[in-house]
Amino acid sequence: MDNNLKTITINKIDDYLAGRISKRETSDWAIVVMKQKNFAVDEMVLEDAITALCGLHDDDDRWATAQDDLIYLKNCLLG
């Protein structure tokens, strides 16, 4: 697993949940990663977490990824 990307993803989730970065900033970062990264089989949780962050792109909160889901994915990444 790409440990650097894993750490960055955990930090992005933390920053978003703490209000240090916006939904748009978070999703823009995640979308760039998804365009550039080919995930390995052992990176499924990492891919799921970044995909969830992509879902924050919409200003309509009905379509945003739930905070509980982000916390769960972060905890999965932490092991």
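This is a predicted model: local features need pLDDT of at least 70, side-chain atom pairs count only at pLDDT 80 or more; totals for chains, interfaces and linings use all residues.
Helix 3 passes helix 4 in a left-handed crossing. On the helix 3 side, the contact is made by V45, L46, D48, A49, A52 and L53; helix 4 contributes L70, L73, C76 and L77.

Helix 3 also packs against helix 2, where the axes come within 7 Å and cross at roughly 135°. Helix 2 and helix 3 are therefore classed as oblique. Their crossing is left-handed. From helix 2, the residues T26, S27, W29, A30, I31, V33 and M34 take part in the contact. They meet E47, I50, T51, L53 and C54 of helix 3.

Helix 2 itself covers residues 23-36, 14 residues in total. From first to last C-alpha it reaches 20 Å, close to the 20 Å expected at 1.5 Å a residue. Its buried residues are K23, T26, S27, W29, A30 and V33. Seen down the axis of helix 2, these fall within an arc of 160°, so they line one face of the helix. Their cover includes helix 1 (3-17) and helix 3 (44-54). On the other side of helix 2, K35 and Q36 are exposed.

Notes
Residues are numbered from 1 along each chain as its sequence is written. Side-chain values use heavy atoms; hydrogens and water are left out. Helices (H or I, at least four residues) and strands (E, at least two) are DSSP runs, numbered from the N terminus. The expected span of a helix is 1.5 Å times one less than its number of residues. Buried means under 20% relative accessible area, exposed over 50%, partly exposed in between (1.4 Å probe, protein chains only). The arc is that of the directions from the helix axis to the C-beta atoms. Contact means heavy atoms within 4.5 Å. A crossing is left-handed if the near helix is turned anticlockwise from the far one by less than a right angle, and right-handed if clockwise. Axes are lines fitted to C-alpha atoms, for helices over the stretch in contact, and angles run from 0 to 180 degrees between N-to-C directions. Angles under 35 degrees count as roughly parallel, over 145 as roughly antiparallel, 65 to 115 as roughly perpendicular and the rest as oblique.
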